[in-house]
Amino acid sequence: MLITLEKLTKRFGPVTAVDGLDLEIRPGRVTGFLGPNGAGKSTTMRMILGLDRPTSGRALLNGRPYCSYGKPLLKVGSLLEAKAVHPGRTGRNHLLAMARSNGIPARRVDEVLEAVGLTGAARKRSGSYSMGMGQRLGIAGALLGDPPVVILDEPVNGLDPDGVRWIRGLMRGLAAEGRTVFVSSHLLSEMQVTADHLIVIGRGRLIADAPLDEIVAGHASLEDAYYQLTEGTTLR
Amino acid sequence: MTLLRAAIGAEWIKLWTTRTVWWALVAALVLMAAGSGQYALYANNGDLDDQGTATAGTVAVMALGFAQLAFLALAMLVMTSEFSTGTIRATLSWIPSRGRLLLAKCAVVAAVTFVTGVVAGVAGAAVATSLMDSGGGLDLTTAAKIGLYLALLGVLAVGLGAAFRGPVVTLVVLLMLVVAVPPLLQVPDIAVLNGIADAMPGVAGDHFLRDGSVVGLLILTAWAVAAAVAGRMLLMKKDA
Ligand SMILES: Nc1ncnc2c1ncn2[C@@H]1O[C@H](COP(=O)(O)OP(=O)(O)O)[C@@H](O)[C@H]1O
Ligand SMILES: [Mg+2]
């Protein structure tokens with residue numbers, strides 16, 4: 001499944017958070033979405049999921065807006081903010097409601113809980129979860145509908161090294177299964193080891209859209225390449 | 001239709017899986033029982049306005065003045081807690097149609113407030129009956145009316161919650177509309193102001209509860225529908 005952005009633009013008052021992004025995110029690889037804090041990554045992802053309305057342009061999934069899917073979880077799994085869960089609800093109940101909303105059988109909830117290693121804490125209130133457990137619950141939700149597209153916003157933020165390794169492996173595995181994996185990060189080192197393909201933005205504008213190898217070629221590291229690419233554009 | 005049923009199912013699970021709902025319902029029942037007991041004693045002492053005509057049903061309606069606050073809090077939290085906890089972004093990624101989400105929440109809240117409202121009405125009348133010297137007795141009609149009144153107030157609260165998003169502002173507006181403003185309007189006893197007060201949801205609902213006023217029921221229904229429509233509009237328009 002393909003994610004297409006067509007001249008996608010979002011302004012918040014005087015701030016242009018996303019500025020005319022025109023791109024395609026393809027299946028079968030991990031597409032890293034790289035840019036400094038405030039570059040517009042989260043806003044772009046929110047527009048893909050129909051949470052923010054674009055000022056102009058469109059974001060489409062296989063040619064259709066997210067909101068046009070009746071059971072979107074079967075198409076797109078997403079993790080934007082791990083803390084977007086009611087703290088008083090248990091992780092399992094959160095997922096049960098989520099499954100019910102998209103006609104996903106309840107047994108799938110226990111499968112994904114098992115897959116993310118949260119079975120033991122599933123019946124505890126999510127407010128008591130650590131950052132890493134919250135992130136795992138979010139990932140469980142993203143996998144619930146077994147979707148061909150997975151969108152993750154800064155998934156390694158606040159995770160311990162084990163968690164980081166785990167998410168990295170998970171994303172590589174999902175892409176290897178032929179899914180579209182779109183993951184944002186402001187961490188160059190993370191993108192260097194996770195992504196096959198990079199989309200780099202700064203101040204809402206596209207800076208680069210190329211395979212990782214191509215971007216790094218001729219530089220000592222992604223970091224060097226990145227600073228050369230973004231020279232001037234990211235300074236505020 | 002199946003999508004709406006799925007959304008209602010999800011909202012149903014969400015409603016019963018936080019503690020808020022239990023606290024609110026316990027509070028509602030306690031307030032109902034305590035209020036009914038108190039008014040039953042007033043009735044025995046001849047301290048009520050409708051001297052001599054008080055029944056267990058009318059006593060329960062009076063007690064509802066307190067108990068409805070717990071129902072209002074419950075109903076408005078179903079919507080506003082989505083925004084205060086940030087859950088709304090998750091919810092909308094499961095149910096991207098905002099109209100469908102609001103409809104599902106209204107349906108769940110209306111169903112729960114109706115059924116628990118009837119139970120509270122029966123419980124209030126039962127407490128009153130056990131204490132009253134005369135006028136006691138089971139009053140199912142009044143209990144059903146209380147359920148209907150609370151279901152409509154519930155929809156009003158959900159609609160306002162969707163429109164305002166913040167729990168505090170929503171509760172303040174709700175309390176103004178239902179409880180606070182009408183008495184202020186009625187104090188000077190000027191026909192125009194009394195007329196306006198009659199058109200407010202709390203007073204209109206009260207006429208329906210006490211006198212079976214169909215006009216009162218229609219006015220209350222209009223408020224609930226208007227709030228839901230306004231809530232839907234603002235929910236669609238603004239970013240989540
Ligand atoms: N709801 C909002 N209201 C106003 N400004 C916003 C809002 N969301 C994001 N912004 C602004 O848009 C820009 C991009 O933010 P964001 O998409 O969060 O960037 P990133 O995820 O790349 O760090 C920032 O300048 C941010 O302050
Ligand atoms: Mg961000």
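Colleague: How do H4(A) and H5(A) lie relative to each other, roughly parallel or roughly antiparallel?

Modeller: Bear in mind that this is a predicted model. The axes of H4 (residues 131-143) and H5 (residues 161-176) of chain A come within 12 Å and cross at roughly 10 degrees. Angles under 35 degrees count as roughly parallel. The two helices, H4(A) and H5(A), are therefore roughly parallel.

Colleague: Which kinds of residue make up the contact of H4(A) with H5(A)?

Modeller: H4(A) brings A:Gln135, A:Arg136, A:Ile139 and A:Leu143. H5(A) brings A:Gly163, A:Trp166, A:Ile167, A:Leu170 and A:Leu174. Sorted by type, they are one charged, two polar and six nonpolar.

Colleague: What is the buried area between chain B and chain A?

Modeller: Start with the contacts: 27 residues of chain B touch 32 residues of chain A. Of the buried area, 57% is on carbon and sulfur atoms. The total is about 2400 Å².

Colleague: Which residue of chain B forms a salt bridge with A:Glu81?

Modeller: The rule finds two salt bridges across the interface of chain B and chain A. In the one made by A:Glu81, the closest N and O atoms are 2.8 Å apart. A salt bridge needs these atoms within 4 Å. The partner is B:Arg89.

Colleague: Where in chain A is the salt-bridge partner of A:Arg58?

Modeller: A:Arg58 pairs with A:Glu6 at 3.0 Å, N to O. A:Arg58 belongs to strand S4 (residues 56-61) of chain A. The pair is 52 residues apart and links distant parts of the chain. A:Glu6 is in strand S1, residues 3-12.

Colleague: What share of residues 213-235 of chain B is helix?

Modeller: An unreviewed UniProt entry annotates several stretches of chain B as "transmembrane region", including 21-42 and 213-235. Residues 21-42 of chain B are 100% helix, with end C-alpha atoms 31 Å apart. Over residues 213-235 of chain B, the end C-alpha atoms are 33 Å apart and strand is 0%.

Conventions:
Residues are numbered from 1 along each chain as its sequence is written. Chains are lettered from A and ligands numbered from 1 in the order in which they are written. This is a predicted model: local features need pLDDT of at least 70, side-chain atom pairs count only at pLDDT 80 or more; totals for chains, interfaces and linings use all residues. Side-chain values use heavy atoms; hydrogens and water are left out. Axes are lines fitted to C-alpha atoms, for helices over the stretch in contact, and angles run from 0 to 180 degrees between N-to-C directions. Helices (H or I, at least four residues) and strands (E, at least two) are DSSP runs, numbered from the N terminus. Angles under 35 degrees count as roughly parallel, over 145 as roughly antiparallel, 65 to 115 as roughly perpendicular and the rest as oblique. Contact means heavy atoms within 4.5 Å. Ala, Val, Leu, Ile, Met, Phe, Trp, Tyr, Cys and Pro count as nonpolar, Asp, Glu, Lys and Arg as charged, and the others, Gly among them, as polar. UniProt positions are given in the numbering used here, feature names are shortened, and annotations may be inferred rather than shown by experiment. Buried area is the accessible area (1.4 Å probe) that two parts lose on being put together, summed over both. A salt bridge is a side-chain nitrogen of Lys or Arg within 4 Å of a carboxyl oxygen of Asp or Glu.
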